[in-house]
Amino acid sequence: MKNKEIAELFERMADILQLKEENAFKINAYRKASRIIRDLSQNIEQLSQAGTLRDIPGVGEGIAKKIREYLETGRISKYEQIRQSLPEGLLEMMTIPGMGPKTVVLVHKALGISSVAQLEKGVKQGRLRDLPGMGPKKEENILRGIALLRQSAKRIPLGVAIPIVDEIVEQIKGRIKVGTILPAGSLRRMKETIGDIDILVAGGDGRRIIGVFTKMPQVQEILAAGATKGSVIVHGGIQVDLRVVPQASHGAALQYFTGSKAHNIHLREIAKAKGMKISEYGVFRGKRKIGGRKEEEIYAALSLDWIPPEMREDRGEIALAARGKLPRLVREKEIRGDLHVHSNWSDGSDTIEQVALAARERGYQYVAICDHSQSLKFAGGLSEKRILKQIEEIHQLNEKLSTITLLAGTEVDIKIDGTLDFPDEILEKLDVVVAAIHSGFKQPEEQITRRLLSALQNPHVDILAHPTGRLISSRPPYRVNLEKLFAKAAQTGTALEINAYYDRLDLNDIQCRRAAEMGVKLSIGTDAHHSDQLWMMRLGVAVARRGWLEKGNLLNTLSLQKLRRYLPNS
DNA sequence: GCCGTTTTCGGCCCGACTGTTTTCAGTCG
């Protein structure tokens, strides 16, 4: 998919135009188009061929023409042209926190500075001091910004942020009376990675609550501590902001701090068109406040249904809310079992029985034991003999256990040539066959796609695990043609996995939404290697919700009885 | 550059904070 490439080009064009002090609204138009194209679930090449580029919101004649040019020639001449007019380094200077386009242009024009290194030197030599609007504080801030940029504050995976927040919320609740306390920001939207953690408290004594917050044992550094806002760094270098607002504006503040920015801007545009105004303090008609205590009031004022936080990305949810057509997103309590869990028979750490008991504790009806197959030596893959023995043990355990059913499964490796690591005679004895790629990540797109399609073609394969192979913190996805994969999965009835392991989340939100649109069934599996990891189902459900999925899109919302009807072997 | 039951031209989200200002510009979320 060229979506990402094109989105990045438009983003870069916006940056350059900003340095050239072009019309701010034109710049905004490029940024908006960039964001929407990046979030698009459809392949932009197909839209272009179908002649429907102009149907994409934010894409008009000018941008559509540039997209077509890129698809045909691999470049955008306007981009090439404006890029030449500026030194490369200016764009990097803009990424320094606190440095905006005005300052970058100022130092470039006045002092000929055109890189971060030159800027640092210039500040230290005091060359910036006499420029208009400059002073000692600004100099200090620029140096601090450069240092910050070099540390490159990275985003943390959602699955790392959630336990941190849960812990903080528990501590505050345990020590002081608060009205309500909820995470906001990208964490409330359950985005796959989080920058800063935002927590919102409504009601209570602000100064005292923030006092408690800044004195928590995990706090390493206090950045700010006032009556309404506290800001700290906790272990791991993660910044956590806590805000205290009065109950009367809780809904408005929660809405505002939850975002996303694009979603909020869209809402404010609608409000403005209706003669209203939205801010973090409430909804206003003229000077009169017409809502803000509850989040629903903000949406209701605009004649919108309340939109679940996971959908607030301005990807079309506002239009659906206006028509009362929001999907009924799947909920965690609708999940009836986990279809991808490891035991100590391969590289997991718990016995099968321990896994079963932990799954029962979560209220599941079933859990599938899917250990690795024989080729995966480093992960303790099971030989044919061992897996037959494992199947036997699972059957015996099922005799013993009540109220939870173990499904005998495998995570069978899709080998380099596309064949499976167990013969059909083994696979047909299993309740659930999960297939996955663990090698040859660098193969060309055609080859990887062929491997995956041939796995889908095998009638014993029920689920394709982590379909893109990406690791959030360390590995890009392998090259796979997802459109072809989704079409084939829809045809064969093979489910695609939303792998809920915190560093995978694979398929991601946009991909699983597209798969569902194409008629593919999805299955959420935690890939847990320890019972303590079964909670990550929450992350998988979050991905599904961000992908607008309903209960009916998912395999493991089925009761055991219905699941068995769906899985031919079991 | 995009967009339209307030417009095909004239709009385009809202507020806080900072540091430099003497009434405001720049940056951020």
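## Exercises on a predicted model

On the surface, Glu384, Asp424, Glu425 and Glu428 come together as a patch of negative charge. Keep in mind that this is a predicted model.

**Exercise 1.** Work out in which helix Asp424 is found, and whether Asp424 is buried, partly exposed or exposed.

*Solution.* Start with the helix: Asp424 is found in helix 19, which covers residues 424–427. Next, check the accessible area: Asp424 has a relative value of 35%. Buried would need under 20% and exposed over 50%, so Asp424 counts as partly exposed.

**Exercise 2.** Find out how well strand 4 is covered, and which way its side chains point.

*Solution.* Take residues 197–202 and count: six of the six residues in strand 4 are buried. Now sort them by direction. Ile197, Ile199 and Val201 point one way, while Asp198, Leu200 and Ala202 point the other way.

**Exercise 3.** Which strands pair with strand 4, and in what sense?

*Solution.* Strand 2 (residues 180–183) runs antiparallel to strand 4, joined by four bridges; here Leu182 has Leu200 as its bridge partner. Strand 7 (residues 238–245) pairs with strand 4 in the parallel sense over six bridges, and Ile197 stands opposite Val240.

**Exercise 4.** Which strands stand at the edges of the open sheet of seven strands?

*Solution.* Write down the order, 11-12-13-14-15-16-17, with parallel pairing. Strand 11 (337–341) and strand 17 (522–525) stand at the edges; each has a single partner strand, so one side of each lacks a neighbour in the sheet.

Conventions:
Residues numbered from 1 in each chain as written. Chains lettered and ligands numbered in written order. Predicted model: local features only at pLDDT ≥ 70, side-chain atom pairs only at ≥ 80, totals over all residues. Heavy atoms only, no water. Patch = residues over 30% accessible without salt bridge, like charges linked within 9 Å, V, L, I, M, F, W, Y side chains within 5 Å. Areas by Shrake-Rupley, 256 points an atom, 1.4 Å probe, with all protein chains shown as cover. Salt bridge = Lys/Arg side-chain N within 4 Å of Asp/Glu carboxyl O. Lys, Arg positive; Asp, Glu negative; His and termini not counted. Charge placed at Lys NZ, Arg CZ, Asp CG, Glu CD. Helix = DSSP H or I, 4+ residues; strand = E, 2+ residues; numbered from the N terminus. Buried < 20%, exposed > 50% of the residue type's maximum accessible area, 1.4 Å probe, protein only. Pairing = 2+ DSSP bridges.
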